[in-house]
Amino acid sequence: MATDAPPPPGGTGTSPAQPTTESFVQVQESTEFGELRRTYRSFAFPLTVAFIAWYLLYVLLSNYAGGFMGTKVFGNINVALVFGLAQFATTFLIAWFYSRHAAVKLDPKAEAIKSRMEADV
């Protein structure tokens, strides 16, 4: 859907200078960037694998262990419902945990690299 609104002010010809391709390659090959990547991967990959395993366990138990999943915990609440709600809880917990991890460990390193690249332009 097209609009007749004018472009935002300052949108033409006022963008900051961009680093060169060589600058990006140089930063990518730096030890500092490698450390940032390692820090991210050492957090994200194990947690992703753990969550996928937890999710698959839930699916497999739901399919092949109906008796266990149907076990009443209290009232009309059974193991399947508890595990299902735990899926939501772990999703939000992982998101919160990653947010903290990124703010403390990743963002300062990334900001330092970004500042240095912008200063070199």
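# Helix pairing and core of a predicted model

From the N terminus on, the elements of the protein chain follow the order α-α-α-β-β-α, in a model that is predicted.

Biologist: How many helices and strands does the protein chain have?

Modeller: The order of elements from the N terminus on is α-α-α-β-β-α. Counted by type, the protein chain has four helices and two strands.

Biologist: What share of the residues of the protein chain counts as buried?

Modeller: The protein chain exposes about 9,400 Å², and carbon and sulfur atoms supply 65% of that area. A residue counts as buried under 20% relative accessible area, and of the 121 residues of the protein chain the share that counts as buried is 15%.

Biologist: Which residues make up the largest nonpolar core?

Modeller: Helix H4 gives the most to this core, with four residues. The largest nonpolar core has six residues, namely Val 27, Leu 36, Ala 102, Leu 106, Ile 113 and Met 117.

Biologist: Is Leu 106 buried or exposed?

Modeller: Leu 106 is found in helix H4, and, leaving aside residues up to four places away in sequence, Leu 106 touches Leu 36, Thr 39, Tyr 40, Tyr 98 and His 101. Leu 106 and Thr 39 are 67 residues apart in sequence, while their C-alpha atoms are 7.2 Å apart in space. Because the relative accessibility of Leu 106 is 6%, and the limit for this class is under 20%, Leu 106 counts as buried.

Biologist: Which residues does His 101 touch, not counting residues up to four places away in sequence?

Modeller: His 101 lies in helix H4, and with a relative accessible area of 14% this histidine is buried. Not counting residues up to four places away in sequence, the residues that His 101 touches are Thr 39, Phe 43 and Leu 106.

Biologist: How many residues apart are Phe 43 and Phe 97?

Modeller: Phe 43 counts as buried at 11% relative accessibility, whereas Phe 97 is partly exposed, with a relative accessible area of 38%. The pair links distant parts of the chain, with Phe 43 in helix H2 and Phe 97 in helix H4 (residues 79–120), and they are 54 residues apart.

Biologist: What arrangement do the rings of Trp 54 and Phe 83 have?

Modeller: Trp 54 lies in helix H2 and Phe 83 in helix H4, so the pair ties together parts that are 29 residues apart in sequence. The ring centres are 5.5 Å apart and the planes stand at 65 degrees, so the arrangement is edge-to-face.

Biologist: Is Tyr 64 buried or exposed?

Modeller: Tyr 64 lies in helix H2 (residues 31–64), and together with Ile 52, Tyr 55, Leu 56 and Leu 60 it makes a nonpolar surface patch of about 560 Å². Because its relative accessibility is 70%, and the limit for this class is over 50%, Tyr 64 counts as exposed.

Terms used. Residues are numbered from 1 along each chain as its sequence is written. This is a predicted model: local features need pLDDT of at least 70, side-chain atom pairs count only at pLDDT 80 or more; totals for chains, interfaces and linings use all residues. Side-chain values use heavy atoms; hydrogens and water are left out. Buried means under 20% relative accessible area, exposed over 50%, partly exposed in between (1.4 Å probe, protein chains only). Accessible areas come from the Shrake-Rupley method with a 1.4 Å probe; for residues, only the protein chains shown count as cover. Patches are made of residues with over 30% relative accessible area and no salt bridge: like charges are joined within 9 Å, nonpolar side chains (Val, Leu, Ile, Met, Phe, Trp, Tyr) within 5 Å. A salt bridge is a side-chain nitrogen of Lys or Arg within 4 Å of a carboxyl oxygen of Asp or Glu. Rings of Phe, Tyr and Trp (its six-membered ring) pair if their centres lie within 6.5 Å; planes under 30 degrees apart count as stacked, over 60 as edge-to-face and the rest as tilted. Contact means heavy atoms within 4.5 Å. A nonpolar core is a set of buried Ala, Val, Leu, Ile, Met, Phe, Trp, Tyr and Cys residues joined through side-chain atoms within 4.5 Å.
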